[in-house]
Amino acid sequence: MAQIFRVSHDSGDFSTISSALSSIPKDNSVPVTIEISPGVYREKLTIDRPFVTLVGMGNESGDTILTYDDYALD
């Protein structure tokens, strides 16, 4: 049976996308949808679990933003 996790800064199953991802077993065999509420999420994500879908829940393009400032410095 498919699972749905909800991520939101103020309510939901998880407050970060990383915590939702880490709750999924590494040998996952069930489809998991992570619904992400509108907002800016500053996280460095590694999706190393199978059958995971991320869905932004905003009504407009740009309502849900995933970003991380990771770059090499000279």
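## Starting with Asp48

Asp48 counts as partly exposed, at 38% relative accessibility. Here buried means under 20% relative accessible area, exposed means over 50%, and partly exposed lies in between (1.4 Å probe, protein chains only). Keep in mind that this is a predicted model, where local features need pLDDT of at least 70, side-chain atom pairs count only at pLDDT 80 or more, and totals for chains, interfaces and linings use all residues. Residues are numbered from 1 along each chain as its sequence is written, and side-chain values use heavy atoms, with hydrogens and water left out.

## Who does Asp48 pair with?

Side chains of opposite charge can pair when their charged atoms come close. A salt bridge is counted when a side-chain nitrogen of Lys or Arg sits within 4 Å of a carboxyl oxygen of Asp or Glu. Asp48 forms one with Lys26, and their closest N and O atoms are 2.9 Å apart. That pair links distant parts of the chain, 22 residues apart: Lys26 is in the loop between helix 1 (17–22) and strand 2, while Asp48 is in the loop between strand 3 (39–42) and strand 4. Helices (H or I, at least four residues) and strands (E, at least two) are DSSP runs, numbered from the N terminus.

Asp48 also meets Arg49 in a salt bridge, at 2.6 Å from N to O. Put together, Lys26, Asp48 and Arg49 are linked in a network of salt bridges. Lys26 counts as exposed at 55% relative accessibility, whereas Arg49 counts as buried at 16%.

An open sheet is formed by 3 strands in the order 1-2-4, and the pairing is parallel. Its edge strands, each pairing on one side only, are strand 1 (3–7) and strand 4 (52–56). From one strand to the next, the twist averages 20°; axes are lines fitted to C-alpha atoms (for helices over the stretch in contact), with angles from 0 to 180 degrees between N-to-C directions.

Two strands pair if DSSP finds at least two bridges between them. Strand 1 and strand 2 (residues 32–36) have 5 bridges in the parallel sense, and Ile4 stands opposite Thr33 in strand 2.

## One more salt bridge

How many salt bridges does a search of the whole structure find? It finds 3. One of them joins Arg6 and Glu35, with the closest N and O atoms 3.3 Å apart. Arg6 lies in strand 1 and Glu35 in strand 2, so this pair ties together parts that are 29 residues apart in sequence. Arg6 is partly exposed, with a relative accessible area of 42%, while Glu35 counts as buried at 17% relative accessibility.
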